[in-house]
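Hi everyone, thanks for coming.

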Amino acid sequence: MKATTIAKAPPPGVAPTTTVKDAMPAMDNQTGCAVGIVEDGKLVGTLSKDDVLKRVVSAGLDPSTTPVRDVMSTPPVTAGVDIETDEALKLMFANKTCYLPLVDGEDKLVAWVAICHLFEGHADVLSDQLDTLAKYIGADGPGG
């Protein structure tokens, strides 16, 4: 299954000059607790809640005056829009992130996949398969 079938679009994105405080509302459970940093239409970084804890709170920075460009993760770990969900999950695990921005050939942020989206998508597929199997077994009736 293509990751874009379960990805969130439009993806969450803020400008590099946005303060950390103003970027926080975009980091909700729908986006995997992170946001893309977009400049001139291209993804230049990401900011996760972990980044905020490590680079803002631990450093004693003021979230209401600190621009995200000063604390974002860059270069961003991304995937193309044609990535399959299993490959997206492997990429997230390999990079220890719970989100994956999907970009086009020009690094434009197109969609956003969070690990929770992948689990929900696979749970839906497994549920459908179980329903189909139950109907198949039940259709035969007693005595085969």
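Two housekeeping points. This is a predicted model, where local features need pLDDT of at least 70, side-chain atom pairs count only at pLDDT 80 or more, and totals for chains, interfaces and linings use all residues. Residues are numbered from 1 along each chain as its sequence is written, and side-chain values use heavy atoms, with hydrogens and water left out.

Now the layout. Helices (H or I, at least four residues) and strands (E, at least two) are DSSP runs, numbered from the N terminus. The chain has four helices and six strands, in the order β-α-β-β-α-β-α-β-β-α from the N terminus on.

I call two strands paired if DSSP finds at least two bridges between them. Strand S1 (residues 13–14) runs parallel to strand S2 (residues 34–39), with two bridges, and Gly-13 stands opposite Gly-36 in S2. On to strand S3 (residues 42–48): S2 pairs with S3 in the antiparallel sense over six bridges. Val-35 has Leu-47 in S3 as its bridge partner. S2 and S3 form a hairpin with two residues between them, and Asp-40 in the turn has a positive phi of about 55°.

Next, an open sheet with mixed pairing, made by three strands in the order S4-S5-S6. Its edge strands, S4 (79–80) and S6 (109–114), each pair on one side only. Helix H3 (residues 85–95) packs on this sheet and touches S4, S5 and S6. Touching here is a contact, meaning heavy atoms within 4.5 Å. S4 and strand S5 (residues 99–103) run parallel, joined by two bridges; Ala-79 has Leu-102 in S5 as its bridge partner.

So what makes the nonpolar surface patch of about 380 Å²? Leu-133, Tyr-136 and Ile-137 do. Patch residues have over 30% relative accessible area and no salt bridge, with nonpolar side chains joined within 5 Å and like charges within 9 Å; a salt bridge is a side-chain nitrogen of Lys or Arg within 4 Å of a carboxyl oxygen of Asp or Glu. Areas come from the Shrake-Rupley method with a 1.4 Å probe, and for residues only the protein chains shown count as cover. Ile-137 sits in helix H4 (residues 115–139) and is exposed, with a relative accessible area of 58%.

Notes: Axes fitted to C-alpha atoms, helices over the stretch in contact; angles between N-to-C directions. Buried < 20%, exposed > 50% of the residue type's maximum accessible area, 1.4 Å probe, protein only.
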